[in-house]
Amino acid sequence: MQLSTSDIENAAQAIRDKADKIRNISGKVTFAELFTKEFINKYTKFDSISDLFSACGFSLKSPEDFNEVKNGTFDTEISSRTKFSGWEEMKKIAVQEYIAKKLNA
């Protein structure tokens, strides 16, 4: 199968468009943007990230609150209440899905 010059140009333009979208993903992303209801429903039995945190016994309302949580305890709670092995994996997948959604928008 041979590609025409037009096919190659269209593919190159699609790549440039995706690169532009990636460049436009900047700044801070909120918890609400990362841990959408759709994301939480897909990977947990909860309706929101707040409900998950509450069930884990944590009141995490600010970045400072995370500093007070012992990672081992939090990871154990996340792994037992979600489809993730721990908090780092959950954040990683949330970011991947966020970027994928932005690229396909």
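In what order do the elements of the protein run from the N terminus on? They go α-α-α-α-α-α-α, and the tally comes to 7 helices and 0 strands. Here, helices (H or I, at least four residues) and strands (E, at least two) are DSSP runs, numbered from the N terminus. This is a predicted model, where local features need pLDDT of at least 70 and side-chain atom pairs count only at pLDDT 80 or more, while totals for chains, interfaces and linings use all residues. Residues are numbered from 1 along each chain as its sequence is written, and side-chain values use heavy atoms, with hydrogens and water left out.

Of the 105 residues in the protein, 26% are buried. Buried means under 20% relative accessible area, exposed over 50%, and partly exposed in between (1.4 Å probe, protein chains only).

Now for the charged pairs. The structure holds 5 salt bridges, each being a side-chain nitrogen of Lys or Arg within 4 Å of a carboxyl oxygen of Asp or Glu. One of them joins Lys37 to Asp47, with the closest N and O atoms 3.8 Å apart. Lys37 sits in helix H3 (residues 37-43), and Asp47 lies 10 residues away in the loop between H3 and helix H4 (49-55). Asp47 counts as partly exposed because its relative accessibility is 48%.

Helices H3 and H7 are also linked. Lys101 pairs with Glu38 at 3.2 Å between the closest N and O atoms; Lys101 belongs to helix H7 (residues 87-104) and Glu38 to helix H3, 63 residues apart. Glu38 is exposed, since its relative accessibility is 56%. Lys42 forms a salt bridge with Glu97, the closest N and O atoms being 3.3 Å apart, and this pair connects helix H3 with helix H7 across 55 residues.
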